[in-house]
Amino acid sequence: MAPLAALALAAALVLAVASLRAEAVWLDLPPTGTKCVSEEIQANVVVLADYSLMYESHPSSHPTLAVKVTSPYGNTLHESGNTTVGQFAFTTSEAGNYLACFWIDSAEKGSGVSVNLDWKIGIATKDWDSIAKKEKLEGVELELRKLEFTVEAIHQRMISLKAREAEMREVSEKTNGRVAWFSILSLGVCIIVSVLQLWHLQGYFVKKKLI
């Protein structure tokens, strides 16, 4: 049991660290249509992202883009248009896939237009230089403060995983119950059909005076 617990803890640590990362994404925008990127994020996590339009292949033109960020339930968290640079920040209210979509909204389009998206989640959103100056932290103290935030984030992640496990177990138990009732119902229908067939055949044979 101990190895399983250790394996589960290691998996939780990996997932927690993965959910608190900074990720730079380079998106090539088509002349028409939308390009989206999604990220699965837990609830109560701070998200900060900076985006900028790159169009080196269009020195004489200046296209602009539009951006829309939505929550797993489709709520709009950020929406902007006719821009080349921007930023969005929010704290997640529910767990799930958060979607950021970009498209060219100017008359000047063409190929070779890209978006640089710097997506930061959790601890990666903190300005540690400002925190260090404000609280006069340096060296080991600053690393310990970072570790403290990391441990707290891992703890919250493990609580979330435990809640998700309980939810999945409940769904599994309900599904198994429904399958059991469906099996019983199917068996009952088969028995009834068999009895009716025997009754019909008996009547047929009696009518034909075969028995």
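Me: Which pattern does the protein chain follow when read along the sequence?
Reply: Happy to walk you through this predicted model, in which local features need pLDDT of at least 70, side-chain atom pairs count only at pLDDT 80 or more, and totals for chains, interfaces and linings use all residues. Residues are numbered from 1 along each chain as its sequence is written, and side-chain values use heavy atoms, leaving out hydrogens and water. Helices (H or I, at least four residues) and strands (E, at least two) are DSSP runs, numbered from the N terminus. There are 3 helices and 8 strands, and their pattern reads α-β-β-β-β-β-β-β-β-α-α.

Me: Which strands stand at the edges of the open sheet, and why is one side of each left without a neighbour?
Reply: The open sheet has 4 strands in the order 2-7-4-5, with antiparallel pairing; two strands pair if DSSP finds at least two bridges between them.

Me: What is the bridge partner of Cys 36 in strand 7?
Reply: Strand 2 pairs with strand 7 (residues 96-104) in the antiparallel sense, over 7 bridges. In strand 7, the partner of Cys 36 is Cys 101.

Me: What percentage of the residues in the protein chain is buried?
Reply: Buried means under 20% relative accessible area, exposed over 50%, and partly exposed in between, using a 1.4 Å probe and protein chains only. Of the 211 residues in the protein chain, the buried share is 27%.
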